[in-house]
Amino acid sequence: MFLLDPTLFLLVAASCIALSGIPGLLARRSAWGQRIAAVLVIAASCLGEMAVISLLSGIPASSYQIDWPLPFGSALFSADHLSTIFLFPLFLVTGAVALYSVAYWPAREKASAGRLTFFLGLFAAAMIIVVMARNGVLFLMAWEVMALSAYFLLTTEQQSADVQRVGTVYLLATHTGTMALFVMFSLLRGTVGTFAFPATHALSLTVPVATTVIITALIGFGGKAGLMPLHFWLPGAHANAPSHVSAMMSGLMLKMGVYGILRTLSFFDQLPVWLGWLILLLGAWSAINGIALAAGQRDLKRLLACSSIENIGIVFIGIGLALVGLQQHAPYLVVCGLAGAFIHIVNHGLFKSLLFLGSGVLIHGTGTREIDRMGGLARRMPVTAPLFLVGSLAICGLPPLNGFVGEFFLYIGAITDGILAPLPLAALVAPVLALVGGLAVLTFVKLFGIVFLGSPRSAESAHGHEASVVMTGPMMLLAGGCLVAGMAPVLLVRLVTPVVGFYAGLPPQDSAQVMGQIPLVALTCANVLLLVVILAVGAAYRRRLRTSPRSQGSTWGCGYLEPTPRMQYTGTSFSEMAVSLLGSIVAPNRRRPTLDTPIPPADARFSYETTETVLDRILIPVFRVVGTAFSYLRKVQHGQLHIYVLYIFATLCVLMIWKH
């Protein structure tokens, strides 16, 4: 049994991944070091997936205790059903990214490849330990390694001023969240008497620090998850990191924040009534605002980053529904909410990683991230185009792909419980999801249409080229996962059913009974039928193109005798109406030319860019005011020792007067 212990497999996998980057730092030919690292990571990922499958099949996981010399108790490692939800996509995406990076960031061309490979392995290993840690100090150590590794990965191209700026913002944001976690674990230590995690449902809500623990967890973990309004670091960080790093940050690291909140809430036997509604509100706010921000973006990777905020919002909508259901003793809502949230966690790891890897292929082939400078790439990238389309359809929550499955559970739970139970507010989740889905369709129709269809809008796009199979192969794996999960949703249900019962505290038969009421068979048949229809229509269309006679002739130019690529719709013009309606969220910054010169007018330029409301219009102005205020305090730092002694004497006098 020792050799089959899932916890041991996971620890071995984490160790191999953490050490995988060392050959790249030591080898003379760093290209070989990078390849060795990829092989080690892929092998460790397979071992990790075996451990996850063992846990799901019912093999119990052992707990390992390491007595270290630190005065914080023993280091405890273990894994449970909640861990599997986050470990399954973690190992899959990490293995795919390791292979992808060999061609996307080749060591023979990039001097930073060795450092990048090292921190990539450390980053993934730290996330594994975060999920397995059962001691507060061990958790914080792994959390900090994860955060700092992400910083070094993000600032790989540190010569760029934009990268330096977003790296600083990320570092400030992540350490602010870590400060909240220090408070949380300190309060738990004072309550429990040890840094070891409390047992599930072991703490009472009547504990004096319970509310403070929950609030600090929401701040510390919510900031890492990108939950609004703590999301301000996310768009810039994901946009400026290397694309395969962005895939791991968005597809995996954000979920560590979700995991932290779920793990912390599991410590309590009951939760305050307001918490479920608060998480539900924050989730809806994040979902709507995130996709609204994405709709107005011109930067390919920033668009994908903003859509991550939307998907995290959908996850929190599911968690909020479940917590409300727990308070109202509505097991159907609890099961549907948790199942929808857990399924979307897995699915988002697949399709968002696929899209970020696809963005890397596009940047590699065209040399630009600007959507409005692309176009006509479907012919030049015949492999990337359909793979990117799969990811776009999945992220929109459209059948027959996996993104629809998790949202389907949320729709069913909200509508059914909103009708059958006295929870009318829960039924409002359905129109919120519909609004978010509509904006997602608008956003990704714009993205795919502008990038892959039409004519090239720039010389870079006209010379775009397909990537090697080393880069498209991992994309095929993730796209296949999206398709299989959508066509066979029962696989996702089997993955999350143990976790739903474990986390909700429901008997296995009750959880299985509720799951049995979900029309999974009908959903599977509908998805299969839809896919067959799509393939049949596509095959018929291709056959007609081959057999029909072809003729050439000029098309109607709509009054333009010499149409040019500049006459096509751009991404900005496509989403202009939606951005105008959502102006308070997107906050676009338009600079229009002024016609104050006589005819003929001088050269003029119109610029359009979206801004980040929280960062650009709130935090940065506040920091500027604070910086200006503190600049006056610099006058007291003049280096004269006798004046410093006078300061001390004056302070002592004030304290003595105040004391008396």
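Start with the loop between helix 15 (384–395) and helix 16 (403–420): P400 sits there. Helices here are DSSP runs of H or I, at least four residues, numbered from the N terminus. The bond joining P399 and P400 is a cis peptide, omega about 10°.

A word on the source. This is a predicted model; local features need pLDDT of at least 70, side-chain atom pairs count only at pLDDT 80 or more, and totals for chains, interfaces and linings use all residues. Residues are numbered from 1 along each chain, and side-chain values use heavy atoms, without hydrogens and water.

Next cis bond: M228 to P229, omega near 5°. P229 lies in the loop between helix 8 and helix 9 (234–240).

Now helix 8, residues 210–225, which holds T216. T216 is buried, at a relative accessible area of 10%; buried means under 20%, exposed over 50%, partly exposed in between, with a 1.4 Å probe and protein chains only. A polar atom of the T216 side chain lies 2.8 Å from the backbone oxygen of T212.

H201 is not a glycine, yet has a positive phi of about 60°. H201 is partly exposed, at 34%.

Last, a helix pair. The axes of helix 11 (residues 273–295) and helix 12 (residues 300–327) come within 7 Å and cross at roughly 160°. Axes are lines fitted to C-alpha atoms over the stretch in contact, with angles from 0 to 180 degrees between N-to-C directions. Helix 11 and helix 12 are therefore roughly antiparallel, the term for angles over 145 degrees.

How values were computed: Helix = DSSP H or I, 4+ residues; strand = E, 2+ residues; numbered from the N terminus. Parallel < 35°, antiparallel > 145°, perpendicular 65-115°, else oblique. Polar contact = N/O pair within 3.5 Å; in protein donor to acceptor, adjacent residues only side chain to side chain.
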